[in-house]
Amino acid sequence: MADTKSSDDVNKVKTKDTDAPNRPDGENATNEVAKLTGSLLKNPEVMAAFEQKLAGMVGRKSGYIDSLPKSIKRRLKALKRLQFDYHNTESKFYEELHALECKYEELQKPILEKRRAIVAATKEPTDSECEWSSDEDEEEEHGENEKAKIAEIDETNKNKEKAENEKEKTVFSEDTKGIPEFWLTIFKNVESLSFMVQEHDEPILKNLLDIHVKLTSGGKMGFVLEFLFAPNDYFENSVLTKEYIMRCGPDPKDPLSYEGPQIIKCIGCKVDWKKGKNVTVKNVKQKQKGKGGQKKMVTKAVKCDSFFNFFSPPEVKDDDDDDEEDDETQALLMQDFEVGQTLQQNIIPKAVLYFTGEALEGGDEDDDDDYEYGEEGDDEDYNEDDDPEYKPKEGKDQPSECKQQ
């Protein structure tokens, strides 16, 4: 007897055959998921929610370590003890390195003294001291580029450029001694320092002659920054100091987080301001209730932004003090420590390169800011089908979605 199929079975088969072309296969399904994922990632609200979720997961334990048997946990404690011993040995390396730096500080001191003398106009360099092999090449290349630019601009722009050049020439003449505003220019060039310098600070910083670094010795680790000023109309001090105290070994409260020597405290100095010249405070008139409910005007000194607040850092609590600094104080201290290290490790040793801007060229910080995902002008709306110059490689399957690596 021949097999027969009911009408319902036939309809099921027809339905299956009819819907098959419309249902995506494995590859098409993957592409659809990729497209959907890409569109979701471009949605700022979705990304914000995703980032918030990730931020809430930071620091959470997965539970894996807690689930391990006691025998393995015991061995992990042994590994942590070894890690602690490793950090202690590492700290010995930094102690010897600091002693070596102190040795070479003495060798570098005469060089930095010559730099100070040239900047402060107490010494004029000889012709042989001014020889630098790349200067002539750079000036020649710069001159050719300038000629090419001048040929392309119209007469109006030429006159404007000439006027600006004449204005610049009136600032410093050929008879100018030393290098005026050397350190002020450096501070304004370096982003991490420029935000500290206010307009009312600039006339004072024009009197800054030099900045010294003195490494502490005698079994202690740290350094002192000395700011040398010419006599000025603002304060009596000829030298302002900022001392940074460092911990060479691991933090007793968290020894396994050790990443090398760390600044733990800084000490400023008192600025002896001349009368009416203190730029770190301003007098503000306020209404205040007096006896009998009558209001009267009083003058109150209010702290204001200034570079010279750098010499009055927040106090750091002792290690045995259980009370921790508030978030604002911790942020100020962290910022202060970073500025101190930047001056000691980068600015002071390479001052001339920060003055000319050469030390700022090609920095990682600038590179990171040049490219951001999701900004207008990115290729997120690019369509290969709309690009007449797009030529896919022959002989290879092209993915429907670009994989960004």
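Tyr64 is situated in the loop that runs between helix 3 (44-57) and helix 4. The structure described here is a predicted model. With a relative accessibility of 53%, Tyr64 counts as exposed, the threshold for that class being over 50%.

In the fold, the C-alpha atom of Lys80 lies 9.9 Å from that of Pro255, although 175 residues separate the two along the chain.

Beyond the end of helix 4, Ala121 occupies the loop between helix 4 and helix 5 (133-152). The backbone of Ala121 has a phi angle near 70°, which is a positive value in a residue other than glycine. Ala121 counts as partly exposed, at 37% relative accessibility. A positive phi angle is also found at Glu181, where the value is near 55°. Glu181 is located in the loop between helix 6 and helix 7 and is partly exposed, with a relative accessible area of 27%.

The model contains 10 salt bridges. One of them involves Glu181, whose side chain meets that of Lys206 at a distance of 3.6 Å from N to O. Lys206 lies in the loop between helix 9 (202-205) and strand 1 (208-215), whereas Glu181 lies in the loop between helix 6 (155-171) and helix 7 (182-189); the pair therefore ties together parts that are 25 residues apart in sequence. Lys206 counts as partly exposed, at 45% relative accessibility.

A further salt bridge is formed between the side chains of Glu226 and Lys214, with an N to O distance of 3.5 Å. This pair links distant parts of the chain, since Glu226 is in strand 2 and Lys214 in strand 1, 12 residues apart. The two partners fall into separate accessibility classes: Glu226 is buried, at a relative accessible area of 16%, while Lys214 is partly exposed, at 44%. The limit for a buried residue is under 20% relative accessible area, so the value of 16% places Glu226 in that class.

The side chains of Lys242 and Asp336 also meet in a salt bridge, at 2.8 Å from N to O. Because Lys242 lies in strand 3 (residues 239-247) and Asp336 in helix 10 (residues 327-347), the pair ties together parts that are 94 residues apart in sequence. Both partners are buried: Lys242 has a relative accessibility of 0%, and Asp336 has one of 8%.

Strand 2 (residues 222-229) also includes Phe223. Phe223 is buried, with a relative accessible area of 1%. The C-alpha atoms of Phe223 and Tyr244 are separated by 5.4 Å, while the two residues are 21 positions apart along the chain.

Strand 5 (residues 281-289) pairs with strand 6 in the antiparallel sense, and the pairing extends over 9 bridges. Within this arrangement, Lys289 stands opposite Lys295 of strand 6. Strand 6 spans residues 295-303, and of its 9 residues the number buried is 0, so the strand lies largely in the open.

Key: Residues numbered from 1 in each chain as written. Predicted model: local features only at pLDDT ≥ 70, side-chain atom pairs only at ≥ 80, totals over all residues. Heavy atoms only, no water. Buried < 20%, exposed > 50% of the residue type's maximum accessible area, 1.4 Å probe, protein only. Helix = DSSP H or I, 4+ residues; strand = E, 2+ residues; numbered from the N terminus. Pairing = 2+ DSSP bridges. Salt bridge = Lys/Arg side-chain N within 4 Å of Asp/Glu carboxyl O.
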